[in-house]
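Visitor: Hi, can you walk me through this protein? Keep it short, please.
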Amino acid sequence: MRDEAKANPRAVVVRPGQERPVLSFGIIGVCTVMWLLQLMDSSVTDRFFFAPALGESEPWRFLTAAFLHDPGSPMHLLFNMYALWLTGQYLEPVLGRVRFLALYLVSALGGSVGYELLAAYPSVGSGWLQGTVGASGAVFGLFLAVVVLNLKLKRDITSMLVVIAINAVLSLVIAGIAWQAHLGGAVTGAACAAVLLHNDKRVQWGGLSAIALLLVVVGWATLGAGPQIGHAFV
């Protein structure tokens, strides 16, 4: 593998198993602890869920919602954490911990911005006051990152495309799932992965910064108000 890297500096060198996915387990731990806190104190959900109407006054909600889950549904937490475990143990050793964390957080931001952007159009989105929690936006970003990486490595992506298709269909047919966040996270994750495959670290971090800045600008420009109130979980 070392000789291959020298011969082709642009090659993505995969070393599965050589680096434990510590951050993936850490994120799973944080989400689990937060879910338990939500069970014990409903104000935790109230303080950290995301709703577009709260984006201007409390912008941290764009990210904190990705660490919360439906306190009434253990399966919501278990499904997202299982998906994170599957993708994290593959992506984190390949990208490295810092870049993996950046991918996760920017994808989470992209999920919230996608939800907000489509909420501005009630015919396709949710109400502006409608709250949402869940890691699915970030998880969909990881899904697409796996696809982009495997395309680069010329590996089969059929199984991942099937997983994405199933989840996309479920997002549309099951009430209360914020498909808008899934879409935003997926698009963001694909863009981040494409940037991270570049061999120049300055390009990688410059590209990630540009994507994050674009999301902030879009999120800020989309701020507004809407009449509907409800709850959705991603």
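This is a predicted model: local features need pLDDT of at least 70, side-chain atom pairs count only at pLDDT 80 or more; totals for chains, interfaces and linings use all residues.

Visitor: How many helices and strands are in the protein?
Guide: It has 10 helices and 2 strands. These are DSSP runs: H or I of at least four residues for helices, E of at least two for strands, numbered from the N terminus.

Visitor: What share of the protein's residues counts as buried?
Guide: Of its 234 residues, 47%. Buried means under 20% relative accessible area, using a 1.4 Å probe and protein chains only.

Visitor: And helix 6, is it enclosed or open?
Guide: Largely enclosed by the rest of the structure, because 17 of its 23 residues are buried.

Visitor: Now loops. Where does aspartate 70 lie?
Guide: Aspartate 70 sits in the loop between helix 4 (61-64) and helix 5 (74-95).

Visitor: What does its side chain reach?
Guide: The side chain of aspartate 70 gets to the backbone nitrogen of glycine 72, at 2.9 Å.

Visitor: Which residues line the second largest cavity?
Guide: Leu91, Leu95, Ala145, Leu149, Ala193, Leu196 and Leu197. A lining residue has an atom within 4 Å of a cavity point; on a 1 Å grid over the protein atoms alone, a cavity is a set of points where a 1.4 Å probe fits but cannot get out.

Definitions and conventions: Residues are numbered from 1 along each chain as its sequence is written. Side-chain values use heavy atoms; hydrogens and water are left out. A polar contact is a pair of N or O atoms within 3.5 Å; within protein, one must be able to donate a hydrogen and the other to accept it, and residues adjacent in sequence count only if both atoms are side-chain atoms. Buried means under 20% relative accessible area, exposed over 50%, partly exposed in between (1.4 Å probe, protein chains only). On a 1 Å grid over the protein atoms alone, a cavity is a set of points where a 1.4 Å probe fits but cannot get out, and a pocket is an open set with protein on both sides within 12 Å along at least five of seven lines; lining residues have an atom within 4 Å of a point.
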